[in-house]
Number of protein chains: 2
Amino acid sequence: MAGAVIKEFPRKSGKAAPKNVREHILQVAEELIVQYGSNGFSYQHIADRVGIRKASIHHHFPTKNDLILVLGQMKADAFFAQMNSIMVGKGSAAEKLELYFNLFEENFIRGCGASISFFGMLGAEFGSQDDRVATRVRLFFSENISRLTALIEEGRKEGSLHFPGEPELTAVAIFSMLEGAMIIVRASGDWERYGEIIAQVRRLIVSP
Amino acid sequence: MAGAVIKEFPRKSGKAAPKNVREHILQVAEELIVQYGSNGFSYQHIADRVGIRKASIHHHFPTKNDLILVLGQMKADAFFAQMNSIMVGKGSAAEKLELYFNLFEENFIRGCGASISFFGMLGAEFGSQDDRVATRVRLFFSENISRLTALIEEGRKEGSLHFPGEPELTAVAIFSMLEGAMIIVRASGDWERYGEIIAQVRRLIVSP
DNA sequence: GTCTATAATTGGATAGAC
DNA sequence: GTCTATCCAATTATAGAC
């Protein structure tokens, strides 16, 4: 990319300092992708922030796509590990849905306070992604939706969740809202808003 | 951009052939932005599709930001003109909301059948936008939300719409869903899905 | 208005010394 | 593992002929 200015945003980072260079590269790459997109950052940007030369990055990740793919796999693994621990835990489906919402909110806030989620960004840029990355993004979305579908279906059976229509379409609608709201909220600059929107989604699904 | 391959998607274009070069450039630029993002296309890509040299594009739009800004203004004007004619028309708020949904669906389908909306894309890439473009995007979102808020508030008063919580948060939630669903649906490749998701949103807002 | 030519810069990636 | 040096292609943009 050429025109874009890489500006600093205030970070509310709760992230641990990277132990080694490879980890540091991955962390910085995630920040850059989440803020500027996969077409909006370069190895030079990473090098500047990590404090190495861009040639050194190629040693760890031969191509930019390799880097994005490794990062995508890591992010997906971490997310679904958290999601799994929610699903196998105790509590009603409504309570589990609440924890799932929290997962998104944390992801949003932690991601630089000025970001949309990692996969939300790659999803928007879907048309210009490498095939392997595109597959990874598609899988992230479809896995979220299928697990969310199972959850709210359970909630309807046990009576803790109430919604009209099919569980699967409802799940897609919820997931779309969580992803879409990140874009809307970021443009408004009012980060507090995200939590309030989630609260509204909760009202639409749980209370009726 | 470097890695991305500019692939052809099947177009369901209902768009008139451009009358002059300037218009043609704008039309092609919109297609490219909607598919690959504002960081994912270049003047060279436009030149190839329009059949002119890239230097010629600079005569019409000195910089890339100028082009994006002009396009953004045009798209916003056209969208709000349509939205206005819906709002001042006859019918219940529920019926007007329906027409608003249709506006999004048309926008999605017409935009190459493989796109997310123009402002949805710029919103995702918000962090790397020029200030003027960022302002334009922010305005598009906030105007949508304020008008949508007024509409559903009216619907609640007249009894044609039913939803829990505040009208404004509900409007943000709806708008977020409409934008977010474009990303999710595109990644899945199942375009028909968009209409079904909108139907589900309708059920969540209208039926209870 | 469009072209050729070209400048100036950045981007992704490699070779080989240390 | 990191560096310098370098390559080549792409990108944004301008100058000036037609």
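Colleague: Which residues are the closest to DNA strand C?

Modeller: A residue is near a strand if one of its heavy atoms lies within 4 Å of it. Here 19 residues surround DNA strand C, and the closest are A:Ser42, A:Lys64, B:Arg53, B:Ser56 and B:His60. This is a predicted model, in which local features need pLDDT of at least 70 and side-chain atom pairs pLDDT 80 or more, while totals for chains, interfaces and linings use all residues. Residues are numbered from 1 along each chain, chains are lettered from A in the order written, and side-chain values use heavy atoms, without hydrogens and water.

Colleague: How many residues of chain B are in contact with chain A?

Modeller: Contact means heavy atoms within 4.5 Å. By that rule, 51 residues of chain B touch 51 residues of chain A.

Colleague: Which side chains meet in a salt bridge?

Modeller: The term denotes a side-chain nitrogen of Lys or Arg within 4 Å of a carboxyl oxygen of Asp or Glu. Two are found across the interface of chain B and chain A; A:Glu168 and B:Arg193 form such a bridge, at 2.8 Å from N to O.
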